[in-house]
Amino acid sequence: MSWVFAILLVVLLAVGSFFILVGSFSLVKLSEFFKRLHGPTKASTMGVGCMLLASVGYHALGGTDPQPRELLVTAFLFITAPISAHLMAKAALSLKMAERPPMPDGDPVDDDTAAEDGDGK
């Protein structure tokens, strides 16, 4: 394997890692359900797709027998991720999640601070 193909595989792995990282951050940091749903389904699918493409390229250029598992995982991922996101979005729409008030920000009140604020006991 030449160094050009090795660099191409490293770039695919780096891009895949970046997309997976962005998808995980969007799951944790975004505020609304529909925004949190969009990030992991799109970015993680792209990231895992790049990782699997790098794996296929490594096995094809390395001279080893090509295994169909990478292609099967890719097909399974590209079929199940949009379907599961669609089903979760339909469930959230039927529960009217967009009309619910937002969660309050801040830390929950402890019992000790509530007692001190109330009547000083």
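This is a predicted model: local features need pLDDT of at least 70, side-chain atom pairs count only at pLDDT 80 or more; totals for chains, interfaces and linings use all residues.
Figure 1. A polar atom of the Ser26 side chain lies 2.8 Å from the backbone oxygen of Gly23. Ser26 belongs to helix 1, which comprises residues 3-29. With a relative accessible area of 12%, Ser26 falls under the 20% limit and is therefore classed as buried. When neighbours within four places in sequence are left aside, the residues in contact with Ser26 are Arg36, Gly39 and Pro40.

Figure 2. Apart from neighbours within four places in sequence, Gly47 is in contact with Gly16, Phe19 and Ile20. Leu21 is 26 residues from Gly47 in sequence, and the C-alpha atoms of Gly47 and Leu21 are 8.5 Å apart in space.

**Figure 3. Close-up of the contact between helix 2 and helix 3.** Two packed helices are described by the angle between their axes and by the distance between those axes. Here the axes of helix 2 (residues 33-62) and helix 3 (residues 69-94) come within 10 Å and cross at roughly 175°. Because angles over 145 degrees count as roughly antiparallel, helix 2 and helix 3 are described in this way. Helix 2 contributes residues including Phe33, Leu37, Val48, Leu52 and His59 to the contact. Among the residues contributed by helix 3 are Glu70, Leu77, Phe78, Met88 and Leu93. By class, the contact of helix 2 with helix 3 has 16 nonpolar, 6 polar and 1 charged residues.

Notes. Residues are numbered from 1 along each chain as its sequence is written. Side-chain values use heavy atoms; hydrogens and water are left out. Helices (H or I, at least four residues) and strands (E, at least two) are DSSP runs, numbered from the N terminus. Buried means under 20% relative accessible area, exposed over 50%, partly exposed in between (1.4 Å probe, protein chains only). A polar contact is a pair of N or O atoms within 3.5 Å; within protein, one must be able to donate a hydrogen and the other to accept it, and residues adjacent in sequence count only if both atoms are side-chain atoms. Contact means heavy atoms within 4.5 Å. Axes are lines fitted to C-alpha atoms, for helices over the stretch in contact, and angles run from 0 to 180 degrees between N-to-C directions. Angles under 35 degrees count as roughly parallel, over 145 as roughly antiparallel, 65 to 115 as roughly perpendicular and the rest as oblique. Ala, Val, Leu, Ile, Met, Phe, Trp, Tyr, Cys and Pro count as nonpolar, Asp, Glu, Lys and Arg as charged, and the others, Gly among them, as polar.
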